[in-house]
Amino acid sequence: MKADPKGVLTGEHYLDGDHACSEGAIAAGCRFLAGYPITPSTEVAERVSERFPEVGGVFIQMEDEMGSMAAVVGAAWGGVKALTVTSGPGFSLMMENIGLAAMLETPCVVINVQRGGPSTGLPTLPGQSDMMQARWGSHGDYEIIAVSPNSPQDCFEQVIKAVNLSEKFRVPVMVMTDECVGHMTEKVVIPPADQIEIEPRRYTKLPPEEYLPFKAGKDLIPDMVKAGDGYKIHVTGLTHDEKGYPVMSWQAQEKLVRRLVEKIRLRADELVDIEEMQMEDAEVVIFSYGISSRVCIPALQKARKEGIKVGLFRPIICWPFPEKQVKELARKMKGIVVVEMNYGQMYYEVERCACGKTRVSLVPHGGGWVHSPEDIYKAIKEAAK
Amino acid sequence: MKATQVAPPVETAEHPMASLLRMDRIPHIWCPTCGIGTAVTAFAEALKKVDIPLDKISVVSGIGCTGRVAGYIKLDSFHSTHGRAIPFATGLKLANPELKVVVFSGDGDIAGIGGNHFIHAARRNMDIVVICVNNFIYAMTGGQVAATTPLTANTSTSPYGNFENPFSLPQLAESCGAVYVARWTALHVRRLTRSITEAMNKKGFSFIEIICPCSTIYSRRNKLGDGLDLMKFYHDNSVIKHGADTREMAIEYQKQIVVGKFIDRERPTFLDAHNAWMKQRLKDKFIAHGGPQC
């Protein structure tokens with residue numbers, strides 16, 4: 001299915017990452033945003049509040065982030081593509097209903113323009129320290145998908161991808177950008193609507209008497225209905241059976257949770273999205289994502305000039321983690337240098353997959369400003385020894 | 001001796017509410033003598049009276065004893081998270097304005113953890129009906145003190161008596177902008193049914209409080225007798241005062257309960273105000289949200 005031209009601002013623009021996220025969401029067909037102001041993400045909501053009345057969307061500024069996320073889940077069941085946008089403190093508050101979205105298998109998107117934490121931290125300055133929270137933040141076992149754009153153009157494209165993946169897999173999808181990407185202004189090319197592929201919602205074709213809301217086929221993803229279609233569905237955040245009815249037993253728990261997890265884990269190969277740079281002859285690799293991946297480039301160039309064969313491996317989809325690819329790197333590389341704006345989050349995933357086969361080092365950063373390329377260069381040099 | 005004639009088996013006769021309940025989930029979890037059953041009956045009766053297609057009515061509940069209502073009503077029904085029934089309903093309603101969305105939940109859900117959502121939905125005049133069963137405590141978790149527990153009442157976390165001032169929910173609803181406010185007890189089934197019917201036929205944020213102190217825990221801890229004693233208490237102590245000043249109906253321990261329809265007024269709903277304003281500002285550029293789009 002192609003994008004609705006009404007929402008697509010085809011042409012060349014000069015946009016910051018936050019505004020590009022808004023345009024991506026509108027192009028992808030989102031027509032509902034419930035949010036609460038928080039730096040550095042607010043510009044996404046601001047632009048959407050301006051644009052939605054022209055495209056038939058509804059923006060509501062809620063009383064808090066718990067309400068925002070709950071409204072997004074409600075709106076999705078009402079039959080619209082819905083998203084919210086926030087940053088660290090708000091992301092924490094959204095965890096409750098992100099869990100609900102995961103449990104109800106609700107397609108929706110959460111954009112997190114990351115800032116330095118913990119707590120109020122650095123409201124106006126960047127961080128990448130919510131990566132593990134995106135993966136594990138709500139209680140219980142579940143799977144989500146997370147993408148990490150590194151430029152305004154990428155914001156536009158990754159938000160579209162996020163919306164599409166949320167529909168395809170019926171999971172909340174996180175767009176893990178950061179203050180730098182959110183506030184940097186660059187050229188953004190928005191293609192014509194007929195070049196933007198849109199994932200339609202997977203509605204059931206079964207009549208109400210045959211339909212079971214949580215009965216999944218081989219792909220482990222059930223088909224959906226929306227409120228008002230006459231199916232009289234019941235959905236609950238309690239552990240439930242295929243009918244959607246609560247069942248308090250370990251057997252029901254095993255069946256449901258296993259499916260929630262496996263519907264992503266068993267299809268992780270389809271969810272590999274990586275950008276590579278100078279990997280052809282690389283002996284050392286930098287693993288980095290989001291804004292940090294761009295800061296690595298001058299360090300990589302400097303090392304290359306000195307003859308160090310270093311490449312860059314950037315996961316665009318961070319969750320599910322590209323395990324096979326990182327295991328492959330561990331087999332081939334002399335060292336993996338992880339560059340992220342935190343004190344080790346994805347680093348531990350890389351280390352887990354490397355399984356002692358190669359040296360994995362971390363160039364940590366508490367957030368607030370990007371890494372110094374010099375620090376990254378030193379780590380590359382060390383890894384190449 | 002000839003066998004005595006037995007009455008026709010009741011279980012084969014269809015329950016009068018069978019078409020509106022998920023009979024495959026009955027028996028329900030509520031205690032004998034609990035007022036939630038009465039509240040659900042009043043709601044089911046109201047569903048028969050309103051002129052809204054059942055397919056277009058959704059029920060949203062939060063968590064707790066009353067939070068289980070969504071699980072028994074045979075409509076599109078959503079059992080959401082604790083306190084978030086109102087924002088969930090907000091999203092559902094805005095996504096598809098054609099739906100009549102009813103929030104059916106308890107006092108802990110609506111006035112405690114969800115209090116912020118309650119006041120803001122009333123302020124915005126979100127077009128939803130909120131039915132709040134006030135049982136004075138957190139019953140599902142074993143009877144802890146709530147934002148609605150009358151002063152001095154004994155609960156499991158106020159073992160020496162409650163010293164916190166409770167909310168008066170009709171006053172809160174009115175002051176925040178609700179267009180319809182009523183309160184009944186679980187004894188007033190007929191009047192409650194009429195109020196639910198009126199609220200469902202009304203546009204805007206409608207609020208109905210149903211007083212039914214938990215007959216198992218609250219009643220036992222406070223030595224108030226069983227369900228029948230509670231009914232007698234409502235009968236002897238509730239006073240119908242339609243249009244009463246909502247500032248004067250705080251519920252005190254074992255004192256008079258003012259019931260009735262207090263507020264019935266008109267205000268533009270969130271979506272009507274949104275659409276009218278955008279139309280005025282953006283003229284032909286404005287495209288109203290026309291319901292489900294995916």
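Predicted model: local features only at pLDDT ≥ 70, side-chain atom pairs only at ≥ 80, totals over all residues.
1. Just after α5(B), B:Gly177 adopts a positive phi of about 120°.

2. In chain A, the axes of helix α3 (residues 65-78) and helix α4 (residues 88-103) come within 7 Å and cross at roughly 30°. Since angles under 35 degrees count as roughly parallel, α3(A) and α4(A) are therefore roughly parallel to each other. On the α3(A) side the contact is made by A:Glu65, A:Met66, A:Ser68, A:Met69, A:Ala70 and A:Val73, while residues of α4(A) including A:Leu93, A:Met94, A:Ile98 and A:Ala101 face them in that contact. The residues of this contact comprise 9 nonpolar, 3 polar and 2 charged.

3. The domain assignment divides chain A into domain 1 (5-195) and domain 2 (273-384), whose centres, taken over C-alpha atoms, are separated by 26 Å. Their contact draws 24 residues from domain 1 and 21 residues from domain 2. On the domain 1 side, the elements giving two or more residues are β6 (122-126), α5 (131-136), β7 (145-147), β8 (172-178) and α7 (179-183) of chain A, and the largest share, 4 residues, comes from α5(A). That side of domain 1 divides into 13 nonpolar, 8 polar and 3 charged residues.

Technical notes: Residues numbered from 1 in each chain as written. Chains lettered and ligands numbered in written order. Axes fitted to C-alpha atoms, helices over the stretch in contact; angles between N-to-C directions. Parallel < 35°, antiparallel > 145°, perpendicular 65-115°, else oblique. Contact = placed C-beta atoms within 7 Å. Nonpolar A, V, L, I, M, F, W, Y, C, P; charged D, E, K, R; others polar. Domains from an automatic or database assignment.
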